[in-house]
Amino acid sequence: MPSSVMSSPAQRSTDIFNSDRTTNPMSAGFYRLEPGPELIYTYTYDEMKILLEGDMQISQLKDANGEDVVKEEVNAKKGDTFFFPKGAVVRFRTKEGGLAWFCGQRARDGA
């Protein structure tokens, strides 16, 4: 059964699949971002996203070692794919709203 793990009026992450492994678990599902406050998220697991529709502006603020990085904001569009390593700090924004598929190495509701 789908589970909403990260939710606010501007964003929602819904797990569709979760492995039952106690080591190296995996979760996958949909992430929706609506116009509104930006999200600054610290990844405690590795994750990949592919943008399915809409737009997202994505900036990496810290690398996997916690070091500040200077990365240009990416204007993501349909079909763009991203990898976020454990420890990275990433900012998500949108102008029109966006929907992405994610797959992360985390347990159910671990976002």
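Here is a short chat about strands and salt bridges in this predicted model.

Visitor: What should I know about the numbering and the model?
Guide: Residues count from 1 along each chain as its sequence is written. The model is predicted, so local features need pLDDT of at least 70 and side-chain atom pairs pLDDT 80 or more, while totals for chains, interfaces and linings use all residues, and side-chain values use heavy atoms, leaving out hydrogens and water.

Visitor: What's the strand order in the open sheet of four strands?
Guide: β4-β9-β6-β7, with antiparallel pairing. Strands here are DSSP runs of E, at least two residues, numbered from the N terminus, and two strands pair if DSSP finds at least two bridges between them.

Visitor: Which strands stand at the edges?
Guide: β4 (39-42) and β7 (74-76); each has a single partner strand, so one side of each lacks a neighbour in the sheet.

Visitor: And what does M48 pair with in β8 and in β10?
Guide: In β8 the bridge partner of M48 is F83, and in β10 it is C103. Strand β5 (residues 47-54) has four bridges to β8 and seven to β10, antiparallel in both cases.

Visitor: Switching topic: how many salt bridges?
Guide: Eight, counting a side-chain nitrogen of Lys or Arg within 4 Å of a carboxyl oxygen of Asp or Glu.

Visitor: What does D15 pair with?
Guide: R106, with the closest N and O atoms 2.7 Å apart. D15 lies in strand β2 and R106 in the segment after β10, so the pair ties together parts 91 residues apart in sequence.

Visitor: Is D15 buried or exposed?
Guide: Buried, at 0% relative accessible area; buried means under 20%, exposed over 50%, partly exposed in between (1.4 Å probe, protein chains only). R106 is buried too, at 4%.
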